[in-house]
Amino acid sequence: MGNFLLARDRIRWLIASALIVLMLFGLRLIDIQAVQAQSYALRAASEMSRTTIMPAPRGAITDINGVEFARSVAAINVVVDQTLIQDPVMAAQIVAPILSMSVSDVEKQITGKRLWNMVARNVTPARWNALNLALSNYNQSLDRKSVSKRIFGFFAERVYTREYPSGSLIASLVGFVNQDGVGAAGLESSMNSKISGIAGKYIYAYGYGPQIPGSQQELITAKTGTAVRLTIDRDVQWVASVAIFQAVKAARAISGTVIVMDPKTGEILAHATVPTFDPNNTRNISLQSMRNPSVQDVYEPGSTGKVMTLSAAIEEEKVAPSTVFTVPYALKVSNTIFRDHEKHPVERLTTTGILAASSNTGAIQVGEKLNNKVLYSYLRKFGVGSNTGSGLPGESAGVLPDLANWTGTTAPTVAFGQGYSLTAMQATSIFATIANDGVRVSPTVIAGTSDADGHFTPAPSREGVRVISAATANQMRLMMESVVSAKGTAPEAAIPGYRVAGKTGTAMRVDDTCGCYRGYTASFIGFAPADKPRYVISVTIQDPQGVYYGGTLGGPVFKKVMSFVLQARRVSPTQTQVIPYPLNEMQAKKAATVALAKGKN
């Protein structure tokens, strides 16, 4: 009986213990399934998922009509977890042809102990899909005994690559981005903070291979960068680019630029440079080729600078368009003899004639009507020695010697356009000031911007600064028409049916390699119609070989580009009658006699 009672108590104890264990298991199950369920789920998710950056596309850069010069295109960076690659030799043989890489290069990138390593950048989605398919087919071809040889470990990182549909057409202005997608030159660089979007984040699940389809979950939405609309017209840009390329090639010059500008708004319609580069392929491009010569390269303007000297003298009422000067071939000032570009007998030329013939000795005499301080002040008003405000990266202010450093030969040298330096953009702005009734408006290439939602914000209008009176500007325009006449230095720039005004420049060129004058800068800058200017075009050609005169080289380029612009913008042929100023003393006397006769009648 005692044994029976002992056994019964033992059984009760076992049952109680079992109940206690079951209760503890139940409580633990409740804790896992209810209390700590979220914690375990998050841990499981973290072990089988990854959070990664979702790059934002950069804003597009377009022409005035919305034609894209730069755009972002979805791409894939192929990366690898090297620890998952069991057979790097076979993997490299499969992957290399698809990525257009050598087998050895791929094998090098996928072999090792790194959990993350770059294999290939900016791969198209089509290639990434082809890579996945090739690996999948290979893995499925293996039998059960070869499961360990399956190839896993390649992953895709979503990125955007930059495309430049117009290639080299406007590369020096637009620029390009580096391999990390950051602006490295041109507007891509100077406006990088605006054009760059704001990156987002997303999470995705993965196994031993790529992302599990449908597992992607967006955490932070990526925001597209600001789009930039330029004032550039692609059609005008194309015509200008072809024209300056042909001229530079024919002249065997080292570089050339063409700028087309609306003088009233400062908007740049074309910005063509030679040499140029392809922003889609910048691996072997030198830093020199990436420069924007229109705002970064400075040169002495030569005779195009005479328009400032004459404008200042007329504005100060020291001379008039018909004032007559005795103009020799050579003229001694201080201790230096200055000469004209071609030998000639002593002539009696008017101020207009001096401009038409581009006489250095004549311009010196006009400049002598002004004291140094006044001449200097007008060059500053026209923008020499200061930034144009174009906003283009790396813009130079040019070089204008301080007035305190002027010597006895500085003023006469400056009077005919040497002894100081400026950029092609500054030179264009000077002529635009005369075309715009004496008001200088800063040049710009930005028409406006659009946010990620497509809302367009036009760029602020530019306020003008008066440099000379409208009356002086009007007289200068009429005087400058003589330059493209049969007796001027640029008859090649004349356009049938339109009144054209301009000025040639043939300046000695400073060679930085020797610190001396060597070669020439040939230029022509003009506008049309001369009576109501709509557009200003500058042509600059550096170090031409053989013929180097600005009218001969720059005039035809101006004519070709301006003719296209006038027709494309439907500018009607000139209807007004031209009554030119006299070029020499004989014409001046005849004009005075005619005027006197009309007055008596």
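Biologist: Is C514 buried, partly exposed or exposed?
Modeller: In this predicted model, C514 counts as partly exposed, because its relative accessible area is 33%, and a residue has to be under 20% to count as buried or over 50% to count as exposed.

Biologist: And what about C516, how accessible is that one?
Modeller: C516 has a relative accessibility of 28%, so C516 is also classed as partly exposed.

Biologist: What joins C514 to C516?
Modeller: A disulfide links C514 with C516, and the distance from S to S is 1.9 Å. The angle about the S-S bond is -80°, and the link of C514 and C516 is left-handed.

Biologist: How many disulfides does the count come to?
Modeller: The count comes to 1 disulfide.

Biologist: Before I go on, what is the mean pLDDT of the protein chain?
Modeller: The protein chain has a mean pLDDT of 89, and 88% of its residues reach 70 or more. Over residues 40-45, however, the pLDDT is below 50, and in the model this stretch has 1 contact beyond near neighbours in sequence.

Biologist: Switching to helices, at what angle do α3 and α5 cross?
Modeller: Helix α3, which covers residues 88-99, and helix α5, which covers residues 125-141, cross at roughly 150°, and their axes come within 9 Å. That angle makes α3 roughly antiparallel to α5, because angles over 145 degrees count as roughly antiparallel.

Biologist: Is that crossing left-handed or right-handed?
Modeller: The crossing of α3 and α5 is right-handed.

Biologist: Which residues meet there?
Modeller: From α3 the residues are M90, I94, V95, I98 and L99, and they meet R127, A130, L131, A134, L135 and Y138 in α5.

Biologist: What about α16 and α17, at what angle do they pack?
Modeller: Helix α16 (residues 424-435) packs with helix α17 (residues 470-481) at an angle of about 110°, and their axes are 8 Å apart. This makes α16 roughly perpendicular to α17. In α16, F431, I434 and A435 meet A473, M476, R477 and M480 of α17.

Biologist: OK, and is R162 buried or exposed?
Modeller: R162, whose place is in strand β5 (residues 154-163), has a relative accessibility of 9% and therefore counts as buried.

Biologist: What does R162 touch?
Modeller: Leaving out residues up to four places away in sequence, R162 touches R58, G59, A60, I61, A70, R71, S72, V177, E188, I195 and N280. R162 and G181 are 19 residues apart in sequence, with a C-alpha to C-alpha distance of 7.4 Å.

Biologist: Last one, why does S523 count as buried?
Modeller: S523 counts as buried because its relative accessibility is 1%, and the cut-off for buried is under 20%. S523 lies in strand β22, which covers residues 516-528. Not counting residues up to four places away in sequence, S523 touches P301, T304, K503, T504, G505, V539, T540, G550 and G551.

Technical notes
Residues are numbered from 1 along each chain as its sequence is written. This is a predicted model: local features need pLDDT of at least 70, side-chain atom pairs count only at pLDDT 80 or more; totals for chains, interfaces and linings use all residues. Side-chain values use heavy atoms; hydrogens and water are left out. pLDDT is the predictor's confidence in each residue, from 0 to 100. Contact means heavy atoms within 4.5 Å. A disulfide is a pair of cysteine sulfur atoms within 2.5 Å. Buried means under 20% relative accessible area, exposed over 50%, partly exposed in between (1.4 Å probe, protein chains only). Axes are lines fitted to C-alpha atoms, for helices over the stretch in contact, and angles run from 0 to 180 degrees between N-to-C directions. Helices (H or I, at least four residues) and strands (E, at least two) are DSSP runs, numbered from the N terminus. Angles under 35 degrees count as roughly parallel, over 145 as roughly antiparallel, 65 to 115 as roughly perpendicular and the rest as oblique. A crossing is left-handed if the near helix is turned anticlockwise from the far one by less than a right angle, and right-handed if clockwise.
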